[in-house]
Amino acid sequence: MTETTQRRDTAPGTRTGKQEGATAPQGGRGSSASPETRGSTAIADTVVAKIAGMAAREIPEVHNLGGGVTRAFGAVRQRVPGGGSGVTQGVKVEVGERQAAVDLDLVVEYGAAITDTASDVRTNVVNAVERMTGLEVVEVNIAVDDVHLPDEEEDESEREEQRRVT
């Protein structure tokens, strides 16, 4: 989803983005239209995905984003020089002219109330995307793919150490 969407900004209370009753300047330079109505703003899907991914990770009960296979590919990608940071791992977005929809795959910490965590993530993502882009977030769909157990980290680091030795 690398498509770029354009959105026309219009001033509140106007139908076309131009001030009603405004006349063109005579002999002057510039336009009588307010600056926010001049031109359009294009926001790429990847921008919204990064904002949503960062906002979801800000919730303490979220251990990681992405399903098992996605996380495995993400770990490989992070080891490859220039492979990226994986901020959008587990995040899918659809961006329209004025609205966006977000799908997230989460791994939550063991002991966290999943419904409360999902609600916190949803609120944080909606607030961040709407504040930073001006797009209306119509939905944030959350799939909890796994629960991170406290002893899993020790197992993962032991496996990583064994791989380095062999």
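Start by selecting β5 and strand β6 (residues 136–148): they pair in the parallel sense over 11 bridges. Strands here are DSSP E runs of at least two residues, helices are H or I runs of at least four, and both are numbered from the N terminus; two strands pair if DSSP finds at least two bridges between them. Zoom in on Asp 103, whose bridge partner in β6 is Asn 141.

A quick note on what's on screen: this is a predicted model, where local features need pLDDT of at least 70, side-chain atom pairs count only at pLDDT 80 or more, and totals for chains, interfaces and linings use all residues. Residues are numbered from 1 along each chain as its sequence is written, and side-chain values use heavy atoms, with hydrogens and water left out.

Next, pick helix α3 (residues 114–133). Now colour Thr 117, Ala 118, Val 121, Val 125, Ala 128, Val 129 and Thr 133, the buried residues of α3 (under 20% relative accessible area; exposed is over 50%, partly exposed in between, with a 1.4 Å probe and protein chains only). Look down the axis of α3: the buried residues fall within an arc of 110° (taken from the directions from the helix axis to the C-beta atoms), so they line one face. On the other side, Thr 115 and Arg 131 are exposed.

Last stop: select strand β4 (residues 91–95), which pairs with β5 in the antiparallel sense over five bridges. Val 93 stands opposite Val 102 in β5.
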